[in-house]
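Here are my notes on this model, point by point. Please read them with the structure open.

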Amino acid sequence: MTRPDPAALRAVIFDLDGTLVDTASEFVVVVQALRAEHDLPPLEPARICASVSNGARALVTLALGTVETDPVFEQQRLRLLELYGEVLGSSARPYPGIEALLAELAARGIGWGVSTNKPRAYAAPLLERLALQPPLGSLVCPDDVSERKPHPESLLRNCRELGCEPQQAIYVGDHQRDIEAGLRAGMFTIAALYGYIEADDDPALWGADASVDCSTQLQGLILAPH
């Protein structure tokens, strides 16, 4: 895909955890608490951070060394989510440069939104507590669609809500499923290499149209004239 010229750009859509907002510190607290409840020693925080984008099920598996077929797995998943609800928004912060980018997008009349696999019960309160300005124009969670990412349904819904065509938008994400969803939607994709990426993952294989090593590089890449 060719990057939309800033004059033609109508929207920038972000993945949430690991792309727009750094939430890892909260999940470190949650995983360590879950392990403590099972008399397990703390994990190296970096291991937890790398797994955040894989969701609650992966974090339970990491925390307890269990598998989803375990009869008590669902109970453990719900307990992890309960613990997360207690700390949600307490230390999460937008990545450096994000607030400046959103302000510049607003100045240019470009909308922004979020497409996440995080349930709305957690995504919406988190964004509300962060109070990013200007407010986002579209939040699409797995609750809102029949197929979650890497299916493009979420991103296509973002585009409808933001009043643009996919080729007029850019999607930024830190996971292979983000890039796959963006490409399948017909959008220009940016891999956020600063996000939560497992040690054995290779973003070079994701097929992203572009990538950034640091969140502060996003504004220059997105808004640079052709």
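Which residues does I222 touch, not counting residues up to four places away in sequence?

1. I222 and its contacts. I222 touches R3, P6, L9, V12, L101, I170 and I190, leaving aside residues up to four places away in sequence. Contact means heavy atoms within 4.5 Å. Helices (H or I, at least four residues) and strands (E, at least two) are DSSP runs, numbered from the N terminus.

2. Basis of the values. This is a predicted model, where local features need pLDDT of at least 70 and side-chain atom pairs count only at pLDDT 80 or more, while totals for chains, interfaces and linings use all residues. Residues are numbered from 1 along each chain as its sequence is written, and side-chain values use heavy atoms, with hydrogens and water left out.

3. Cores. The largest nonpolar core has 56 residues; F14, L20, I190, L218 and I222 touch the most other members. Apart from it lies another core, of 11 residues, including A11, C164, A169 and M187. A nonpolar core is a set of buried Ala, Val, Leu, Ile, Met, Phe, Trp, Tyr and Cys residues joined through side-chain atoms within 4.5 Å. Buried means under 20% relative accessible area, exposed over 50%, partly exposed in between (1.4 Å probe, protein chains only).

4. Overall form. The protein chain holds 9 helices and 8 strands. Its radius of gyration is 17 Å, which agrees with the value near 17 Å for a compact globule of 226 residues. That radius is taken over C-alpha atoms, and the globule rule is 2.2 Å times the number of residues to the power 0.38. Of the 226 residues, 50% count as buried. Among contacts with a separation of 6 or more, 66% join residues 24 or more positions apart.

5. The sheet. An open sheet is formed by 6 strands, in the order β5-β4-β1-β6-β7-β8, with parallel pairing. β5 (138–140) and β8 (210–212) stand at the edges with a single partner strand each, so one side of each is left without a neighbour in the sheet. Neighbouring strands are turned by 20° against each other on average, direction ignored. Two strands pair if DSSP finds at least two bridges between them.

6. Strand β1. Which strands pair with β1 (residues 11–14) over 4 bridges? β4 (residues 111–115) does, in the parallel sense. So does β6, also in the parallel sense. A11 has G111 as its bridge partner in β4 and A169 in β6. I13 stands opposite G113 in β4. In a regular strand the side chains alternate between the two faces of the sheet. Both faces of β1 are covered: A11 and I13 on one side, V12 and F14 on the other, are all buried.

7. Helices over the sheet. Helix α7 (residues 153–162) lies across β1, β4, β5 and β6 (169–173), and runs at about 160° to β5. Helix α8 (residues 176–185) lies across β6 and β7 (188–192), at about 175° to β7. Axes are lines fitted to C-alpha atoms, for helices over the stretch in contact, and angles run from 0 to 180 degrees between N-to-C directions.

8. Helix α3. In α3 (residues 56–64), the buried residues are L59, V60, L62, A63 and L64. Their cover includes α1 (24–37), α2 (45–51) and α4 (73–87). Just after α3, G65 takes a positive phi of about 65°.

9. Backbone points to check. Most residues other than glycine have a negative phi, and most peptide bonds are trans. A cis peptide bond joins Q133 and P134, with omega about -5°; P134 is in the loop between α6 (120–130) and β5. The bond from K149 to P150 is also cis, with omega near 20°; P150 lies in the loop between β5 and α7. D39 has a positive phi near 60° and is found in the loop between α1 and α2. D39 counts as exposed, at 73% relative accessibility. A131 has a positive phi near 50° and is partly exposed at 44%.

10. The end of the chain. Is P225 buried or exposed? P225 counts as exposed, at 70% relative accessibility.
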